[in-house]
Amino acid sequence: MSPNKTHTHILCDHCGDMCSGNGITLEEKVFCCEGCKSVYLILNEYNLCTYYSLNDRPGKSQKNNIRRDKYAFLDDPEIAQKLIQFTGNQQTHVTFYLPQMHCSSCLWLLENIRKVNPAIISSRVNFSQKEIFLTFDTTQTSLRDIVETLTRIGYEPHLSMEDITEAQIQSSNKKGWYKVGLAGFCFANIMMLSIPDYFSENHAIEPLIGKTFSTLILGLSIPVITYCASDFFVNAWQGLKTKYLNIDVPIALALLITFGRSLYEIISGTGTGYLDSMSGIVFFMLVGRILQDRTYRTISFDRDFRSFFPIAVNVIRNDKIKSVPVSEIKKNDILQIHHQELIPADAILSKGNAEIDYSFVTGESLPVTINIGEIIYAGGKQMGGAIELLVVKQVSQSYLTNLWNKDHYQTEQPGSNSFIDLLSKHFTYIILAIAGIAGGYWWWQGEIHLMWNAFTTILIVACPCALLLAANFTSGNILRILSRNKLYLKNASVIESLAKIDTIVFDKTGTLTQNIKLSVRYEGHLLSRQLKMQIASVLLHSNHPLSKAVLTYIDMTEVTLAENLKIIDHKGIEAWIDDHHFKIGSPSFVGTDLTTKNGSQVCISMDGQYTGTFTVSNAYRLGISSLFQSLKSKFTLALISGDNASEHPYLQEKMGADSELLFNQSPLEKLAYINYLQDNKKANVLMIGDGLNDAGALKASRVGLAVCDDDNNFTPAADGIIHASKVSILDHIMNYVRSGKQIILFSFGISILYNIIGLYFAVQGTLAPVIAAILMPASSISIILITYGLSQWMAKKYKLI
């Protein structure tokens, strides 16, 4: 762009995007595209412009126009029925996932959508899950009309092939919450019923009242031990069956001993037992587990190809266009594919100009131009206008489906022992030794009663519940803080795996680079306005992505007539402009000996004289250079990309001379490299990628993180999903998750102090229920406060909050 050219940035009043030129004006409003203007007109027509007053420019860009018949497939009763939850009495219920939902303006508009379509009886929004539940009158409207209504106002529902399959959306953990609620209820009431016994002198309580209270306490404790604590017993049994002593084994043992000892004392009338302490610790452990096992219902970590495919596609049969479910596409069908639509099956181009974006499948950053008669593989996205394709393979046999279902990708990484389980194992052996020594001592003294008292109370007071609490609450807090930074982990065990990482492998396209934006720089003779106009006049006739990138860069709307135009495939274009002969293309085509450096080159010559070069490269995400600078001192870095090696020198400089960079890698080669690092070099690998070509590598690595540009972008199966804008703070994230182990150990150390106090009484066989009732909650509450405080402090230290 010429240095003296200035721009006044005008923001769209609907979505906030920058408008080109002066934008599209309507009264006092300015819009970036006709789509945004149309949404405004609809809202204005139905007096819904309060939408704009609740938040500043709350809409989403509508630059990608939705074609009129896109949702014609919803007129098919068979497809519609699979999306509908209930229909009857002229009413139909349906729930849609709306990824565009992000603010109070969205909430207000969607709650008032019946003003746009009166056939909608009611609408209810679940903002946290980005879902809208609609009830509509089937005599006045249809499912297709409802979807089109949402789309017209800028909230196109996310519909995929997965929505009409048998696979069900993950349900919330209601059972876990029931257990927490019941345990809390029983714990509170048992504590209340135990208070008279705590403070009565010499247990001088009315016998009938005491017996009644003891019976009620026993009755309340039974659902706690049999239902609320059932997961601990199940997990312990599963561990024992595989000859593995996990943390649930000593906890289950302590709960059984506590309940058995208490049951004996209540029935024999020799005491009231420790059921209050047992119920309390079960309650706190369940709360910690619920916090740790939080899920993100709007995110899928185990997607397959059906999540990527549309529900239906246009098929031309008997000279008529019909929407057909993707699963019913047959060989020799003719498909009609429009702009920004996915090719669902391997097919041959029969009509139209195809510019296919394979970035998700192969990692190639630039769209590929396909000629008529050449094959287009499933998974590519058409970036040009409408095309027609002749199907050569069914969906189930396509390149994309086979790539996803490769047997190589099904190999699971062997898990390693959790340090929590290892620590609890050693701790359990120590406690058993102490209990055995104390019991043996009292047996040698002839005090059989004190022997059993000492042995059982030591196991009761010193069970590793505190370790489990520390782990659960620390992990829960870390998951919460990471989610605030748009990193969503599949479960808490991923935190521990992340803390062990010593090697980080990056994909390039879509991970380090921005998916759409290209960076262009020019070197050569001065780009005068006249020269820019002449260059634009030539490149206007080329559909090559590099030509389009240069056209965008020089930003010329005025062109002149090009004569004797000649396009040479894979080389360049030449033409006469204003009596000057221009050649634009590769260095060899133009006649220069320039070598490719940090990008693809578009060279220009005029009348046989070299004029200049546009270097087109990927636009890297902000902060990537400083990220590499921070990581390379602590981790081994590598890059594996399906893209070409044009930017190898730049990346080598940023990542360090010791980093291994591999380009033009197929999905299987990426997988083989990860396996090589882990099997031969014994590395703990974190793989970060965004496309289907990364699916095998993500699955095989110790931890796989999938990168997405928005919360609903399709991502392959992974251990976590990180928003693209947060890749640059990966160094802070890695430091933070490594601090989790120190927080757990420190919290456990604090709980040991409580155990020492309890053991002092327990080894003497004199641990009273009131002491246990004080120590157990005090220890639990201390751990909760310490883990929360330290998690917050560490998050501030590493600039995550």
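Reply: Three strands form an open sheet in the order β14-β13-β16, and their pairing is antiparallel. Helices and strands here are DSSP runs numbered from the N terminus, with at least four residues (H or I) for a helix and at least two (E) for a strand, and two strands pair if DSSP finds at least two bridges between them. The model is a predicted one, in which local features need pLDDT of at least 70 and side-chain atom pairs count only at pLDDT 80 or more, while totals for chains, interfaces and linings use all residues. Residues are numbered from 1 along each chain as its sequence is written, and side-chain values use heavy atoms, with hydrogens and water left out.

Strand β13, covering residues 354-357, is joined to β14 by three bridges, and the two run antiparallel; Ile 356 stands opposite Val 368, a residue of β14.

Six of the six residues of β29 (703-708) are buried (under 20% relative accessible area, with a 1.4 Å probe and protein chains only), so the strand is largely enclosed by the rest of the structure. Val 703, Leu 705 and Val 707 point one way from β29, whereas Gly 704, Ala 706 and Cys 708 point the other way, and all are buried.

The pairing of β29 can be traced through two partners. Strand β28 (residues 685-689) is joined to β29 by four bridges, and these strands run parallel; Gly 689 has Ala 706 of β29 as its bridge partner. Four bridges also join β29 to strand β30 (residues 720-723), again in a parallel arrangement, and Cys 708 stands opposite His 723 of β30.

A residue between two other strands deserves a note as well. Asp 579 is found in the loop between β22 (572-577) and β23 (580-585), and its phi is near 65°, a positive value in a residue other than glycine. Its relative accessibility is 70%, so Asp 579 counts as exposed, a term that applies over 50%.
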